[in-house]
Amino acid sequence: MEEKYVKTAQEILACMGGKNNIASAAHCATRLRLVLKDESLIDRDALENIELVKGNFNNGGQFQIILGTGIVNNVYAEFIKMADISEMTKEELKKQAANKMNPLQKLLKTLADVFVPILPALVASGLLMGINNILTAQGMFVEGKSLVEAFPKIKDFAEMVNLFSNAGFTFLPVLIGFSAAKIFGGTPILGAVIGAIMIHPDLMNGYGYGQALLDGTVPYWNIFGLSVAKVGYQGTVLPVIASAFCLSFVEKKLRKIVPAMLDNIVTPLLSVLIAGAMTFLFIGPVMRGVGDAMTNAVMWLFFDLGSVGGLIYGVTYPLLVITGMHHSLVTAETQILANIGTLGGSPTFAVVAAANCAQGAAALAVMFRMKNDPKMKSLASASGISSMLGITEPAIFGVNLKLRYPFYGALIGGGIGAAYATLVKVLSVSQGPCGVIGVICIRPDCMLQFMVSMAIAIVSAFAATMMLGGVFGNKEKTAAKSSEDKTAGAQKNAKDIHAETGNNNKEETGDNKEETVIFVPIQGNVILRENIPDETFASGVLGDGAGIEPETGEVSAPFDGEISSIAETRHAIGITGPDGMELLIHVGVDTVKMNGDGFTVLVSEGDKVRAGQKLMTFDISKIKAAGYSTTSAVLLTNSDEYQSCHVVKTGKAEQMEKLITVKR
């Protein structure tokens, strides 16, 4: 084992508070994942100065350290020896991490897990609603008229867009039922059936339930002497989740006691019957009340406390992002939007957008301050723009938390922008990207004030970060010096490696410097690294490169080299190539959770491979069916050792076309 991996493992263990503080450890293709007994013992400053460590964050009870492919497996092997713990799978680690959580954390994590898979449907519906807003808003483009009124020929198109935009929310209980049953260990399609039962057209529409109660016109079933309200659950969230939990609980119990020959008939029948009955008798009415109370609490925060409530929400939101619990807020947002007719819109969207834009502005302030650290300057610029578009993790974890003061500056700016947005009552009519482009999700009469709120958040965060940077200047210089030391060490290592390599995949350039070529490993549509739908990849913290939206499920070697690592779940391969290049090919986003299903690796670690040789096959349809993006990352994980890493091909590309040129 190379000395650097041993040294890195020792340093990480020391930063974690020693082996007595390690509960368990596992790793994926790029990250060391730890469950710690006491996270207050972590020395983050020392951890960030370890040469091979590219970043860290805490999510779902796991402390994750980004190392990169070809490194993480070697460091992990040494780490578990030093920590005196046994090897553990990621699923086992997740269970242990969940056991560390208190009941509230477990509840929030469950809500997040339910909503994350259906977020693409909500975002698509939200953006379509935004387009519908533009088409139907009075006076936005034509005085006194909407676009539909000014141009009657687009009326049918506008109606079609409106239908498309409503579908996701109209049938939301079906989507939630499917996702929740999957999370709770039941059969997802039965969860969808429960969701469909709860919005069946024979039931009284849930949106009219409140008025029907006042009028005394609520219809009832008489079930063995019990009066059961014959009312649907349109526009609700918590009742569906609770019913899916009941269904999954009953189903799992029945699977244990029903004979195998009757299982496929009896278990689904009784599961749906029992869960459905419990839904209308007890679960639905109780959880409807809880959901209404939660919605009322959010509305009180914004409409009664006003700007103070917005300030509190705006400052709290980034803190929830750090823990990964921010996804659970979708529950309240969805409930509010489902009742948009009565509430007029949701006040939370603008507040979250202000918080996100503030994180981006703080990162951009770092870009201006860190003139002597090209790597941090580059990361700050890319992640700052990403935050403005609604994806904050690269800025928060890669820049702002690392330097501390930009995060504080972002909290100040986000709080001020959120307070203003709440003061002037900026309301959204749909979900969407919580950044400046989210303006299309805002109610037309609030759009101008939304942009003013974003401007206030951006300017306030930028100014606060610049001022705080002057106060914490010494720490900033220390970080820059550390980065310079790392760069110098990397350049020395690069020279040593270069002296030992041949000239495969090399081309002469006009300035007589050699370029090494990385060819397209997967046929499909090549996109820029920044557009990969994964914050870690997009931010460049794991190295520069490109993304590919695959058309065929086949991975070929992009150059002559050696297989340096293969993910345990077969979704990622590391290859060491000419001129010391260390390349990661990561198929899909979050596909580690598929546990290898749909992936077949055709090589072994240590194998010598030739450019164009088939390395792996994967099932695109299985990845999509599991709810994950197929967009694959092709990243040069040691790109900071090179003068340039230039993507020369975007758009549709065939295997073995020139993709990236690399120059020392």
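## A walk through the predicted chain

Let's start at I573, which, setting aside neighbours within four places in sequence, is in contact with I563, S565, L583, L584, I585, V601, L615 and M616; contact here means heavy atoms within 4.5 Å. I573 sits in strand β13, residues 572-576. Helices (H or I, at least four residues) and strands (E, at least two) are DSSP runs, numbered from the N terminus. With a relative accessibility of 1%, I573 counts as buried. On that scale, buried is under 20% relative accessible area, exposed is over 50%, and partly exposed is in between (1.4 Å probe, protein chains only). V587 is 14 residues away from I573 along the chain, and their C-alpha atoms are separated by 8.7 Å.

A word on what you're looking at: this is a predicted model, where local features need pLDDT of at least 70 and side-chain atom pairs count only at pLDDT 80 or more, while totals for chains, interfaces and linings use all residues. Residues are numbered from 1 along each chain as its sequence is written, and side-chain values use heavy atoms, with hydrogens and water left out.

Now step back to the whole chain. It has 24 helices and 21 strands, and 52% of its 664 residues count as buried. Take the contacts between residues at least 6 apart in sequence: 71% of them join residues at least 24 apart. The accessible surface comes to about 28700 Å², and 60% of that belongs to carbon and sulfur atoms. Accessible areas come from the Shrake-Rupley method with a 1.4 Å probe; for residues, only the protein chains shown count as cover.

Next, the inside. In soluble globular proteins, nonpolar side chains tend to be buried together. A nonpolar core, as used here, is a set of buried Ala, Val, Leu, Ile, Met, Phe, Trp, Tyr and Cys residues joined through side-chain atoms within 4.5 Å. The largest one has 61 residues, and V366, V399, V426, I442, F450 and F537 are the ones touching the most other members. Several elements supply at least two residues each, including α14 (307-323), α18 (374-388), α21 (447-471) and strand β18 (632-636). Helix α17 gives the most, with 15 residues. Apart from this core lies another, of 35 residues, with A546, I548, V603 and V647 among them.

A358 is found in helix α17, and A358 is buried, at 0% relative accessible area. Not counting residues up to four places away in sequence, A358 touches A410, G413, G414, A457 and A461. G314 is 44 residues from A358 in sequence and 9.9 Å from it in space, C-alpha to C-alpha.

Helix α13 provides the largest share of the patch, five residues. F282 is in α13, and F282 is partly exposed at 47% relative accessible area.

Finally, the charged pairs. The structure holds 15 salt bridges, each a side-chain nitrogen of Lys or Arg within 4 Å of a carboxyl oxygen of Asp or Glu. An α-helix has 3.6 residues a turn, so residues three or four places apart point the same way. K7 and E11 are four residues apart in helix α1 (residues 3-15), about one turn, and their side chains meet in a salt bridge (2.6 Å, N to O). Helix α3 (residues 72-83) holds E78 and K81, three residues apart, and this pair forms a salt bridge with its closest N and O atoms 3.5 Å apart. E78 is buried at 10% relative accessibility, whereas K81 is exposed at 60%.

The side chains of D560 and R610 also meet in a salt bridge (3.3 Å, N to O). D560 is in the loop between β11 (554-556) and β12 (561-566) and R610 in the loop between β16 (608-609) and β17 (614-618), so the pair ties together parts that are 50 residues apart in sequence. D560 counts as buried at 15% relative accessibility, while R610 is exposed at 57%.
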